[in-house]
Each structure stands twice: as C-alpha cells, then as structure tokens.
Amino acid sequence: MKITFVSNYINHHQIPFSEALYQKLGGGYCFIQTMPMEKERVAMGWEVDTEKIPYVRRLYDDESACRRIIAESDVVLLGWTQREDLETERLMSGKATIRVSERLYREGQWKAVSPRGLCAKYKEHIRYRKQNVCLLCAGAYTASDFHLIGAYPGKMFRWGYFPETRKYTREEFAALKKDGPLQIVWAGRFMPLKHPEYTVGLAKCLSQNGYDFRFHMLGSGELEEDIKKQAADAGLSEQFVFYGYQTPGQVRDVMEKCHIHLFTSNYLEGWGAVVNEGMNSGCVEVVSAQTGAAPYLIRHGVNGLVYPDDRYQEMEKLVLDLFANWEARRQMGYAAYETIIREWNAEHAAEELLRFAASLIKGKIVPAKSGPLSPAPAISPKKMYRAMLRGELP
C-alpha cells in the first residue's frame with residue numbers, strides 16, 4: 001500500500017504519526033511539504049530539518065516528481081496545502097482520498113449562509129460527497145461545520161494531532177509530581193485568543209485564598225510584557241516563571257514536573273496540541289470546552305475538567321476546587337496520561353489509518369469503535385459543553 005500525506009509543512013505535531021506510518025510502510029509512505037515553514041513558527045522552535053527525514057519530499061523542489069507520487073498513491077491524505085490544483089486533480093481521479101481539516105467557521109456558523117461562501121465550499125468539498133472521499137475532523141467542532149453544508153455525509157471521523165508520546169512506569173510518574181507548591185503550566189503564544197491574562201487573575205485569587213503555587217509560562221508573543229507587568233503590579237512576580245519560546249522537548253520537560261495544565265484558548269483554537277502534551281505529561285487538565293481537542297480527549301471529572309464559553313469565573317471555580325480537594329482530584333492526571341497512552345497517540349492512529357485505508361481502497365468504510373477514525377458526531381457548538389457534562393458524546 002502506498003500512502004501520501006500532502007500538507008503545508010511537517011512539524012513536531014505530525015512527525016510521530018508520520019514516523020509510525022513510515023515504520024510500517026517504509027518507502028510506501030511519503031509526506032509532501034508544499035511550502036517552507038513561516039518565520040514565526042521557526043522562532044517558536046518548530047523548525048525541522050526535512051533533508052534528514054527520508055519520507056519527506058518538498059513540492060517546491062521537484063513538483064513533477066511530487067505530482068507523480070500523488071497520482072500513484074493508493075490513498076492520499078490532503079491537509080491544508082494552499083494548492084487547490086493539486087487537491088482537485090487527486091479528488092477528480094476517483095481514487096481513495098482522505099481530507100484532513102479543522103473548522104470551517106471558527107468565527108461563527110452564521111457564515112455558512114453566505115451564497116458566495118457556499119459556492120466556494122461546493123467547489124472545494126460538497127461536489128465530492130458521493131465519491132470515495134472521507135473527512136478526518138481535526139477538532140470536535142469540525143463535523144458540525146461540514147454537516148451544515150451537506151459535505152461528506154456519513155463519512156466524517158474523529159482525528160487530531162499526535163505529538164510525541166512519553167511513557168512512564170508508575171514509580172517514574174509518581175516521582176515527577178513532587179509534593180509542595182502545586183505547579184501550574186500554561187503554554188502557547190501570548191495573544192488575545194489564548195487568554196494568557198487569565199493566569200494573572202487566577203494567581204490573584206489563589207494568593208488571596210492562601211494557596212502555595214507556581215505558574216510556569218511557556219511561550220512568547222505580543223502580550224508577554226503586559227502579562228509580566230500585570231504579575232509584577234499584583235506583587236506576584238515570585239509566583240511566575242517566564243521561559244519564552246522553548247523547543248517541544250523543553251516544553252514537555254517542564255510539563256512533566258507540573259500538576260495542573262491550564263489551557264485557556266477560545267473558539268478560534270482549532271485543536272490545541274498542548275492539551276495532548278499536558279495529558280501525556282500527567283497533568284490535571286483545565287481546558288476551555290471551545291478548544292477543538294477538548295470534547296475528543298477529555299471526559300469531564302474523569303481525566304480532566306472543562307469550562308464553558310470562555311468564562312473566566314467558571315475556570316476559576318474549577319481550579320479552586322482542585323486546590324481545595326487536591327488529594328481527591330489528582331488521580332485525573334494519571335487518567336489523562338492513560339487516555340493518551342491507550343488511544344490518542346501516533347502509533348494507534350497509524351494502525352487505525354492503515355486499517356481504514358485498506359477498506360477505503362475497496363470502496364468500503366469501516367470506522368473505529370472509539371478514538372481516532374471513529375465516527376465524528378455533528379454536535380452544535382452551542383450544545384457541545386452540555387453534551388460533555390452529561391457524557392452524551394458517543
């Protein structure tokens with residue numbers, strides 16, 4: 001079997017999955033990178049030396065060879081490529097093809113009523129609804145968006161990103177989470193959609209309640225200096241450690257030593273791979289339910305906690321309860337770790353993809369029972385949080 005993944009560029013969120021496929025298929029797997037990585041991502045420590053990765057081909061170095069690989073592949077995964085011509089050529093070929101997409105309407109599903117937008121979506125997606133094309137939903141709100149426009153009926157499946165998976169024995173895991181001040185990690189770009197300012201508000205509340213804690217702030221961006229000033233003005237500088245941008249490995253090293261991972265992004269966050277990383281690091285997750293990864297990965301009160309609609313006060317209540325009942329709640333961190341180890345990891349995703357692809361080549365669709373490649377429910381963004389609280393996600 002020959003499988004090719006075509007996307008803008010490879011990064012540390014995609015390499016483990018690609019490595020797993022390469023281990024199973026050898027030369028039968030190829031990742032085609034359609035453009036160089038942006039300077040902003042390089043500055044964040046995301047840069048990858050693609051010349052040292054045997055399965056990566058760069059479209060901009062040899063387009064004719066890459067087009068030939070795409071045409072000859074049994075299955076092609078199409079991510080965000082910015083090359084509509086490549087996508088159309090493959091989709092019109094009739095061969096098994098799998099789209100990989102985050103949300104269409106992050107800013108609101110009201111945009112789905114635009115006649116001009118629907119015309120574009122017909123050309124890009126809807127016209128392939130009866131062909132041998134499926135959609136992998138990289139985020140729990142993706143299926144609802146595509147359902148609105150009538151694309152890929154009965155052919156939408158759970159998917160996401162699969163960063164490096166680290167494994168620990170019970171003893172190693174326990175040794176990482178030391179007693180003493182509870183360590184809270186926040187990781188991401190310092191920008192409005194990610195709400196880094198929530199950490200200062202939370203720090204004030206925890207301090208007023210007499211709790212001992214440390215915030216580990218990983219990343220940088222436009223709001224970094226303002227957040228530092230807010231912490232200083234509140235007399236909380238000693239409770240914060242600012243690391244700036246770190247490599248993916250360094251981020252994980254910090255996460256491993258932390259008890260709680262706070263992820264405060266709003267509805268503009270398509271997936272949020274640091275949620276995977278925090279869970280794999282055994283952190284108790286406190287995550288906005290608007291984040292694409294949350295409904296797929298987190299069972300509220302079992303392996304993490306979610307709060308609704310960008311509401312700071314709801315998040316604050318969850319963290320205060322964690323601090324007040326830490327010994328009773330800390331087991332959620334290990335449950336989060338097991339979620340990644342057992343199901344939401346690159347190795348398992350690659351195995352399911354190969355099984356699924358083998359059937360798709362024959363014109364059959366055989367979804368997984370749970371996790372990656374299981375059917376993606378088209379639940380409205382307005383109803384998702386309630387469904388999570390009630391355990392209604394199939």
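This is a predicted model: local features need pLDDT of at least 70, side-chain atom pairs count only at pLDDT 80 or more; totals for chains, interfaces and linings use all residues.
Local features need pLDDT of at least 70 and side-chain atom pairs count only at pLDDT 80 or more, while totals for chains, interfaces and linings use all residues. Residues are numbered from 1 along each chain as its sequence is written, and side-chain values use heavy atoms, with hydrogens and water left out.

Helices (H or I, at least four residues) and strands (E, at least two) are DSSP runs numbered from the N terminus. Strand β12 (residues 284-288) is joined to β13 over three bridges, and Leu305 in β13 is the bridge partner of Val286.

In helix α10 (residues 248-256), Val251, Arg252, Val254, Met255 and Glu256 are buried, that is, under 20% relative accessible area with a 1.4 Å probe, protein chains only. The buried residues of α10 pack against several elements, including β8 (182-187), β9 (213-218) and α11 (273-280), with contact meaning heavy atoms within 4.5 Å.

A nonpolar core is a set of buried Ala, Val, Leu, Ile, Met, Phe, Trp, Tyr and Cys residues joined through side-chain atoms within 4.5 Å. In the largest, of 87 residues, Phe17, Leu77 and Trp159 touch the most other members, and helix α16 (residues 346-361) gives the most, with eight residues.

Notes. Buried means under 20% relative accessible area, exposed over 50%, partly exposed in between (1.4 Å probe, protein chains only). Two strands pair if DSSP finds at least two bridges between them.
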